[in-house]
Each structure stands twice: as structure tokens, then as C-alpha cells.
Amino acid sequence: MSTANRLGELLVREKRISLAQLRQAQDEQRRSGVNLGAALARLGFISDREITNFLSQEYRVPSIDLSAVELDSELGKVVTRDVCEKHKVIPISKAGSSLIVAMSDPTNLHAIDDIKFLTGYNVEPVVASELAIASAIEKLFTPAASAGGGGGGGGGAAGGMPTVDIDALIGDMGDTDVEFGDDDDDNENVLELTKASEDAPVVRLVNAILLNAIKVRASDIHIEPYEKTMRVRYRVDGVLREELKPPLKMKNAISSRVKIMSSLDIAERRLPQDGRIKLKLGGGKEMDYRVSVLPTIWGEKIVLRLLDKSNLQLDMTKLGFEKTQLEWFMKAIHNPFGMVLVTGPTGSGKTTTLYSALAELNKTTENISTAEDPVEYNLAGINQCQMHDDIGLNFAAALRSFLRQDPDIIMVGEIRDFETAEIAVKAALTGHMVLSTLHTNDAPSTVSRMLNMGIEPFMVTAATNLVLAQRLARRVCKECKTDVKVPLELLRELGFTEADIAKCNGTLSKGAGCSNCNGTGYKGRVALYEVMPMWDELKELVLQGASAAELKQQAIRCGLQTLRMSAIAKAIEGITTTDEIVRCTTSDANKSAGGGGGH
């Protein structure tokens, strides 16, 4: 079916015109030689703008008013006049490896493939009427248009963006403080956003933000617009710090640039979006960025999580386990069946611990499947499944499917509800090793959480091999490490025993601050672990209905080292500081109230 016939059929189906009007327009088309849209407009049945808006809604593709667009003559060299007239298209703008093309029929895959093959660009269609495209073709390819020079692809202040010295801005990251007045640019269209996002200063600024994050070892990048200012923050060693304040007028151009790099919809600014960027660096190194875009009242906040596979530490002996803790954990994961639960807040290193366990278990004799949301790192030899809640693929559904795949070891990204917990427990009781995570404050309260979800106590005790709680504390910088005397009262208040105080003689380590650690005194992080095997004494208490506080007291008597104890041990070794003890853990003093968790 031709484009014209499809348009006529759609307009009749949606009752925008009658069948008699369509027949009359087709007669006019044959008589005068104009296209169907022009014939309908000439007869007054429907306006050219109404046709464009209708096609935009029908195909869910942004529409564009070509009469308001200043065409770049350089694009006429990318897509020739013959191709434009053959497919009734007009090139609008380039954005990285994509070419924005106005089409009367964005479902015409033949035209899209033809342009992609001829130009080497990915084609991003927008909708315009045939009449407007025909007029734009004349405008682009007439000598007057060429002589006038294209206004669409220049390197100036596209999309109303201010001219700024980006080199100066990047050269002094953190000291720049540029503020603007109210910014009423919510009505920018997709073309303006695309042009602004490929403007040289924006491209260089976004590249600098992404690359500088790697240099300072950031785990996350936060790009945040506010009413009168905008800021970029990096999370380094678990703590956010402000790095840069770009001009507020660049907020939409910056967000559009990041969206283009992560293959997101730049026209959608009301809904959250998730994507991924892969950067190829020198020496064959690659860096992945997981991108999350969230609409706020002042614009789109973007958070990028850096996923550096080369820095993924899969050697469990280097994660921060004490010797006895590591022995308990290794014994638990090497059991032929049962459940090992890792607990802690977001960003506490649970994924790294689980991946380390999987790397230890990954043998050709084992069938390992994981359900993750999202899959952060690709592990060879392991079947990793990405969750998609919108189509019904959640942890419970994936877990059910795994059990039909002849599994030996199963990893479930998170147990969030009774359904997932029940299937995981049953899998652990029927000859499978199950690894998973929960969000609880400490190891003993994990058992209470399972019971609160509705799992029977006897099933929890029978299925669970071990529960591990963890936090990440910052390491003292080795370059500027110094010894400091700490008041004994403070040490006792923090939970140091007399034996601990005697061991360190009241002297601990602290970073003075140097160029190596950017003046923070810390560089890198170490894991603090609370490893609780399900000892028989604990099983008895669970079956008797004991509280989390009672479980904790009994676990400590059995040899449990709490998160606070683990942090104190690391401080005595000179690895971390008293400030980190307070930041990462809560006191064990109030054991009767169930203390010992973390923030």
C-alpha cells in the first residue's frame, strides 16, 4: 500500500474525513498531480497541521513544523535530492551517529534502511506532512538556500544556549559558581534539544564529566538542576561531593546529550527513563555507565552508575573478611544445598560479595543461573537473566523458570515479597544452593524479616545456611597516613574493649589529606562483615519465637563478630578511622534493644 493510500485509510478509519471526501481528494490528486495531503488541504477537508498532528499520534513519533526550521545546506550533501524526493523525506539535523529525518510515513522501513545504507547514520524519524516536506526539499536544494548557509548545524549557541568558556569551566572543577535567572525553556522541541546537545561545548563538557569521574574513582555521577543553579556531584568512596556548577541554561542540552549517548527518547521529559552508555577508552579498556533519568520540578535529574569490570574484585580473600568469617562463608556456599543471604543497604557491596561467591562456585560441572535487576557485570559461564517487571518477568517468575532448567546454583538479586521468599526457600530445601539479598540492618534481623514475610519458622531454620550483613567503610589513605592519639573515653564509648585498647595503646590511624586522596584522607573502601552461620542454638531460638535481640545475644555468645566489632578491628589494624566506625555502624551497647545494625 502506498503512503497516500495508507494516510487516506487511516484518516477515514479515525473519522477525521469521510469516505466520500477521500474519493473526492483522490480525484483532485489525479487531476492536479498533487499529493493526497495537499489535495485534502486544498479542498478544505483537513488542514496540513492537523494531518501532521494526526500522524504523530498514530505512529507515536514526534511531529515537527518544517516552516519554522532553518535547514542546514550541509545536510543536503548527506542525503541527496533524489533520495529525498523518492522517499518524501528531508534531513533535519545530525546528533552523534544519528540523523534526524522528517518523514510523512515513519513506518516506511524501506526508506529508513535506504538512508541508513547510503549515509552510514542511524535514522531517527520525526513526522511532517508531505506538503511541508516537498516545500522543505525545494528550500534546501535551491541555490538561494545553499548560498544562505545552513543555520541548523553551526557551532554557535544552538537552541538559545549561552556561549560559555567550557575549557575554563572544566579546568577549575568545583570552584565555578554560575547562576542564572528563571529558565522558562520547557517548550523546547526535539529539534532544538538535538541541536543544543550536539553543540561542541556541550559534547566536551559531558565527555569531561564522564571521564573525570573515572579519574577520581567515582562510583556515581549526579547531574542535578535546581531553580537558579545546577550542579554535578560525584560519589567517591561512598560519599557525595560537589564537583562542578555548569550554567543553568545548559541543563536541557546536557540531559539531551546524555540521553542520546544512552539511546533514550530526548522528546520524553515527563517520565523516568533508564539506559546504558558504553565508553571505549584507550588500551582496550571499556567503561559502562548505567543511566537513570528522573523528571523533577526544575528539570531532569540524571544519575550515572559507573560499572568498571576491570575493578570488580572477585577474590574473597581481599574483600575484608576476617579469617574465621571467610571460613564460615566458604563452608556455607560450598554446601550442596541451602540458602545464603547477604544483607545491607543499597551501595554496601552486596553485589560484589555475591559475584565473588559465584566466581568461586563457577565450575564446568555446575549449572548457575542468576536473576538480576539490573545485570551489572557480565560473568562468563553463568546464565544471567535481566528482570522486566513491565512484562511480568520478576524475581518470582524467573525463579520458577530456573527450577525447570536443571539448576545447581541459583542467585536471586533480591527477596522482596512472600512469593519470591517461598520459592527460594523451597528451592533451597530441594537440593539447590540459593544465594540472595535482603534489605535489613543486621544478620539476626534478617531471620525476623523472613518470618514477617510469612515463611514458617521451621522452613527458615531448615533452609538457611548462613546470613551475612555488610557495610563499606573508607580506607585511610596510605600516602598521608599518620598516627593519632584517641581519648580512652571515646574509645570505650565506641565499644572498644579493654583488650582492644591495650592492643592499639590508644593510638589509631588517620589521613592528613594529600593530592593522592584529594585532601580527604581516605582512598578506597573496605568491607565490614557480620557473618552469622545458623548455629543449632539459633535454630532452637527461632523455633521458640525469639526476638531479633535475643538471637543477636545468642549469636555473639556463639562467636558472632558484629558490624561494630568488625569496624573496630579494622580501625585497630590502621585500615579505617573512628569517624567511619560511627558513620557505618551502630553501637552494640544496647543489645537488649536489638542494636548492632547500620545506617
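Student: Where is S263?
Tutor: S263 sits in the loop that runs between α13 (251-261) and β7 (273-280). Keep in mind that this is a predicted model.

Student: Is S263 buried or exposed?
Tutor: Exposed, because the relative accessible area of S263 is 69%, and the cut-off for exposed is over 50%.

Student: Switching topic. Which residues form the nonpolar patch on the surface?
Tutor: Y226, I297 and W298. Together they have about 320 Å² of accessible area.

Student: Where is W298 found?
Tutor: W298 belongs to the loop between β8 (286-296) and β9 (299-307). With a relative accessible area of 33%, W298 is partly exposed.

Student: Now aromatics. How many aromatic pairs does the structure hold?
Tutor: There are 4 aromatic pairs. One of them is F321 with F329: the ring centres are 5.4 Å apart and the planes are at 20 degrees, so this pair is stacked.

Student: Why does that angle count as stacked?
Tutor: Because planes under 30 degrees apart count as stacked, and the F321 and F329 planes are at 20 degrees.

Student: Are F321 and F329 buried or exposed?
Tutor: F321 is buried at 11% relative accessibility, and F329 is buried at 1%. Ring pairs also link F321 and F329 with Y529 in a cluster.

Student: What about Y355 and Y377, how are their rings arranged?
Tutor: Y355 and Y377 make an edge-to-face pair, 6.0 Å from centre to centre and with 75 degrees between the planes. Y355 is in helix α15 and Y377 is in the loop between β11 (368-372) and β12 (383-386), so the pair ties together parts that are 22 residues apart in sequence. Both Y355 and Y377 are buried.

Student: Back to α15. What should its residues span?
Tutor: Helix α15 has 12 residues, 350-361, and at 1.5 Å a residue they should span 16 Å. The end C-alpha atoms of α15 are 17 Å apart, which agrees.

Student: Which residues in α15 are buried?
Tutor: K350, T353, L354, Y355, S356, A357, L358 and L361.

Student: Last one. What sits over the ring of Y522?
Tutor: The charged end of R474, at 4.0 Å from the centre of the Y522 ring.

Key:
Residues are numbered from 1 along each chain as its sequence is written. This is a predicted model: local features need pLDDT of at least 70, side-chain atom pairs count only at pLDDT 80 or more; totals for chains, interfaces and linings use all residues. Side-chain values use heavy atoms; hydrogens and water are left out. Helices (H or I, at least four residues) and strands (E, at least two) are DSSP runs, numbered from the N terminus. The expected span of a helix is 1.5 Å times one less than its number of residues. Buried means under 20% relative accessible area, exposed over 50%, partly exposed in between (1.4 Å probe, protein chains only). Patches are made of residues with over 30% relative accessible area and no salt bridge: like charges are joined within 9 Å, nonpolar side chains (Val, Leu, Ile, Met, Phe, Trp, Tyr) within 5 Å. Accessible areas come from the Shrake-Rupley method with a 1.4 Å probe; for residues, only the protein chains shown count as cover. A salt bridge is a side-chain nitrogen of Lys or Arg within 4 Å of a carboxyl oxygen of Asp or Glu. Rings of Phe, Tyr and Trp (its six-membered ring) pair if their centres lie within 6.5 Å; planes under 30 degrees apart count as stacked, over 60 as edge-to-face and the rest as tilted. A charge sits over a ring if NZ of Lys or CZ of Arg is within 6 Å of the ring centre and within 35 degrees of the ring normal.
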